[in-house]
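Visitor: Hi! Could you walk me through this one in plain words?
Guide: Happy to, here it is.

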Amino acid sequence: MSSIYKELKSEWSKASPNLAHCGQLLNSLKLEMVRSGYVDVEDEGKVNPQQKQELQRSRDMLEIAIEHSIKVKDNAAFERYMTQLKMYYFDYDKHLDSSHQMHKFMGLHLLYLLATNRIADFHIELERLPSALLLQNPFISPVLALENYFMEGRYNKILQAKKSMPSELYADFMDLLVDTAREEIASCLEKSYGKIAEKQAALRLGLKPGGHEMQALVRKRKWTLDEDGNFNYTDLHMRQKEKVPAKDIAVHTLTYAQELEKIV
C-alpha cells in the first residue's frame, strides 16, 4: 500500500495530474484497504504509531479521491467517498491530527446537498459543525449564505455568487446549484405570468436570449412562443380533467362495509 500511496501523492501533486492513472491508483488502494481490513481502534482510544499512520494514509487517500471524483464529474463516487471520509473526521478525530482540508470538504458536501435540493440532509450535516465555524469559516459561511438565498427565493444572488467561491473545486457544484435555481425561477415564471416576453424571461433566468442554454431550458420545459414573441403559459395553468372511477370506488366501499359486518 505504501508504494501505491506514494505514487498517488506524487501524481496528484502535479499541476496537471493524469486523472485516468490516478483513478487506477485509487482503485488499487481501495483493494489494498479491503484486503488489509480497516484499522481496529480499541475502546480505550489508544492507537499505536502504525495504526495512526494507516489512518492518516486512508484519510489522505479519500481526500484525493473526492477531488478526483469532482474533476471527473462522478457525483455518485463523491457521495461514497464523502461518507467514508466523515468517519475519519468525526469518529477517528481523537486519534488523528485535524486535517487542514476538512472544512473545505465539509463545505463542498454542504454545497452538493444544496445543489441537489436535499435541504433536510443539508441541515442534518450542519448539526455536526460548531456554530462559530458556520459563521466564520471561509469555506462554510458562503454556502450558508447560498442556502439563505435559496430558501428566500433570491435566486439572482445565487447566479451572482458563482465567481466568489473560496475554491475552484466549488465550481462544478455551483453550476449544478445555478441549474437548480434556474429551474426554480422557471417554475416561478410559469406560475406568476400568463405570458412574458422572451427577453424578459431570459433576463430573469440570467441567460442570453436565444442562446444555447436558453433554448435547452425552453425545450425541457416545453415553452412555446405565441405570435407576439411571448412565452405563453396559459396552457400550463390549465389542469387536465381527471376521470374519477366512481364505480370502482363504490364497489370497494361496499365490499369494505360487508367485511366489517362479518367481523362484528
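Visitor: How do the axes of helix 3 and helix 4 cross, and within what distance do they come?
Guide: The axes of helix 3 (residues 49-71) and helix 4 (residues 75-90) cross at roughly 155° and come within 9 Å. Helices here are DSSP runs of H or I with at least four residues, numbered from the N terminus. Axes are lines fitted to C-alpha atoms over the stretch in contact, with angles from 0 to 180 degrees between N-to-C directions. Keep in mind that this is a predicted model, where local features need pLDDT of at least 70, side-chain atom pairs count only at pLDDT 80 or more, and totals for chains, interfaces and linings use all residues. Residues are numbered from 1 along each chain as its sequence is written, and side-chain values use heavy atoms, leaving out hydrogens and water.

Visitor: So are helix 3 and helix 4 roughly parallel or antiparallel?
Guide: Helix 3 and helix 4 are roughly antiparallel because of that angle (over 145 degrees counts as roughly antiparallel, under 35 as roughly parallel, 65 to 115 as roughly perpendicular and the rest as oblique).

Visitor: Which residues meet there?
Guide: Among them are Leu 55, Leu 62 and Ile 66 in helix 3, and Phe 78, Tyr 81 and Leu 85 in helix 4. Contact means heavy atoms within 4.5 Å. The residues of this contact divide into twelve nonpolar, three polar and two charged. Ala, Val, Leu, Ile, Met, Phe, Trp, Tyr, Cys and Pro count as nonpolar, Asp, Glu, Lys and Arg as charged, and the others, Gly among them, as polar.

Visitor: New topic: what about helix 5 and helix 10, parallel or antiparallel?
Guide: The axes of helix 5 (residues 102-115) and helix 10 come within 8 Å and cross at roughly 20°, so these two helices are roughly parallel. The contact includes Leu 108 and Leu 111 of helix 5 and Phe 173 and Leu 177 of helix 10.

Visitor: And helix 5 with helix 6?
Guide: Helix 5 and helix 6 (residues 119-126) have axes that cross at roughly 160° and come within 8 Å. That makes the pair roughly antiparallel. The contact has seven nonpolar, one polar and two charged residues.

Visitor: What is the volume of the largest pocket?
Guide: The volume is about 230 Å³. A pocket is an open set of points on a 1 Å grid over the protein atoms alone, where a 1.4 Å probe fits, with protein on both sides within 12 Å along at least five of seven lines; lining residues have an atom within 4 Å of a point.

Visitor: Which helix gives the largest share of the lining?
Guide: Helix 9 does, with four residues.

Methods
Grid points are joined across faces, edges and corners, and a volume is the space filled by probe spheres set on the points.
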